[in-house]
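Let us walk through a protein model together, one step at a time. Keep the sequence and the 3D view side by side as you read.

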Amino acid sequence: SRTRLGSLLGPGALVLQTPHRAIHDRSVRIQNESDRNMVALFEAMLASRMAHWNRGIFLIAARWNGQGIDGSDAVIGVNLAGTAVDEDHYAQELIGLRAMLQGRPLRVATGGPVRPDRLLALVPYEGELGPALPRLVHQVPGDDQPRIDRHRGALFGELNDVIEALSAQTDLSILGAYVFQGHAVWSSHQLISEVARGSWGVTRAAIEDLLPPGAEDSAEHRWKSLWQEREIVPRDFVAETPRGGRFQEADGYAAPGSVGCIGLGGCVIS
């Protein structure tokens, strides 16, 4: 039900593009690449935007009550399967975080189409958090339960805010870090509708999902593994895929929803 979906779409949820939706988006991009007229140019621009979502693994990292454009909550997500970005481009910005990581893995990637000029950090940890976090730093659950595990999780926010928060946390072991260019924003009602139409599936993040992948672990492999191995809600719109099997396109097609809250000040991290 929509009520159940709404309760799942809080911090620590993973929102995955469905296999049939990914197949459709890919076919649109291929078709546009073969056309050369003005209509195709417009469609190609749309397809470029759609590339942010293709086989996406969006971690819901924050939820702002009543800040959606339709009066529902604003839901902030970052794409754990986003395209890698050259770390050298942000060498100066990453100095403080690298010092804290002490050689642990770091991945810089595109997080979504909103505010690509803004760097956001997701830092998974083990240990006990101090009594309070700064207002702009969010705690993300790191287990498969719909509650915060104070011993495993991640901190999320703008890069400098997260670095400042970590410097005050003396009992945490940092496990790695993502740094994202930009993010995605939905209103909660909009995202529930997109899930119900078959564009996305939802599951809970485990701590290993929040760790940067190894060099041999591709984003596509992670996306497929999640669909094959996790309990995804809902599943009735997806062709069932046996473990190790191939994905097949499900019947039906859900039109892409637009991203809500873009340009609404309360929907971004500040």
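Let us begin with a pair of charged side chains. R115 and D117 meet in a salt bridge, with N and O 2.9 Å apart; a salt bridge here is a side-chain nitrogen of Lys or Arg within 4 Å of a carboxyl oxygen of Asp or Glu. Before going on, please note that this is a predicted model, in which local features need pLDDT of at least 70 and side-chain atom pairs count only at pLDDT 80 or more, while totals for chains, interfaces and linings use all residues. Residues are numbered from 1 along each chain as its sequence is written, and side-chain values use heavy atoms, with hydrogens and water left out.

How open to the outside are the two partners? R115 is partly exposed, at 33% relative accessibility, whereas D117 is exposed, at 58%. These words have cut-offs: buried is under 20% relative accessible area, exposed is over 50%, and partly exposed is in between (1.4 Å probe, protein chains only).

A search of the whole structure finds eight salt bridges. Another of them joins R118 and E158, whose closest N and O atoms are 3.5 Å apart. This pair ties together distant parts of the chain, since R118 sits in strand β5 and E158 in strand β7, 40 residues apart. Strands (E, at least two residues) and helices (H or I, at least four) are DSSP runs, numbered from the N terminus. R118 is buried at 10% relative accessibility, and E158 is partly exposed at 24%. The side chains of D217 and R222 also meet in a salt bridge, at 3.8 Å from N to O. D217 is partly exposed at 24%, but R222 is buried at 12%. Finally, R55, E220 and K224 are linked in a network of salt bridges.

Now step back and look at the chain as a whole. Its secondary structure comes to seven helices and ten strands. Of the 270 residues, 51% are buried. Take the contacts (heavy atoms within 4.5 Å) between residues at least 6 apart in sequence: 79% of them join residues at least 24 apart.

What lies inside? The largest nonpolar core has 29 residues, and L14, L59, L80, L122 and F156 have the most contacts inside it. A nonpolar core is a set of buried Ala, Val, Leu, Ile, Met, Phe, Trp, Tyr and Cys residues joined through side-chain atoms within 4.5 Å. Several elements each supply at least two residues of this core, among them β1 (13-17), β2 (57-64) and α7 (219-229). The largest share, five residues, comes from β2. To see one member's surroundings, select L80: beyond residues up to four places away in sequence, L80 touches L14, I57, L59, L122, Y178, F180, D209 and R222. Apart from this core lies another, of 23 residues, including L101, L119, L129 and V179.

Which strand holds N79? N79 has its place in strand β3, and N79 is buried, with a relative accessible area of 4%. A polar atom of the N79 side chain lies 3.0 Å from the backbone nitrogen of I57. Leaving aside neighbours within four places in sequence, the contacts of N79 include H52, G56, F58, T110 and F180.

A pair of aromatic rings is described by the distance of the centres and the angle of the planes. Rings of Phe, Tyr and Trp (its six-membered ring) pair if their centres lie within 6.5 Å; planes under 30 degrees apart count as stacked, over 60 as edge-to-face and the rest as tilted. By this rule the count comes to seven aromatic pairs. The rings of F58 and W200 have centres 5.8 Å apart and planes at 90°, so this pair is edge-to-face. F58 in strand β2 and W200 in strand β10 (residues 200-204) are 142 residues apart. F58 is buried at 0%, and W200 is buried at 4%. Y178 and F180, in turn, are stacked, with 5.2 Å between centres and 10° between planes. One aromatic cluster is formed by W53, F58, W186 and W200.

Our last stop is helix α6 (residues 188-197), which is mostly covered, with seven of its ten residues buried. Just after α6, G198 takes a positive phi of about 100°.

Definitions and conventions
Polar contact = N/O pair within 3.5 Å; in protein donor to acceptor, adjacent residues only side chain to side chain.
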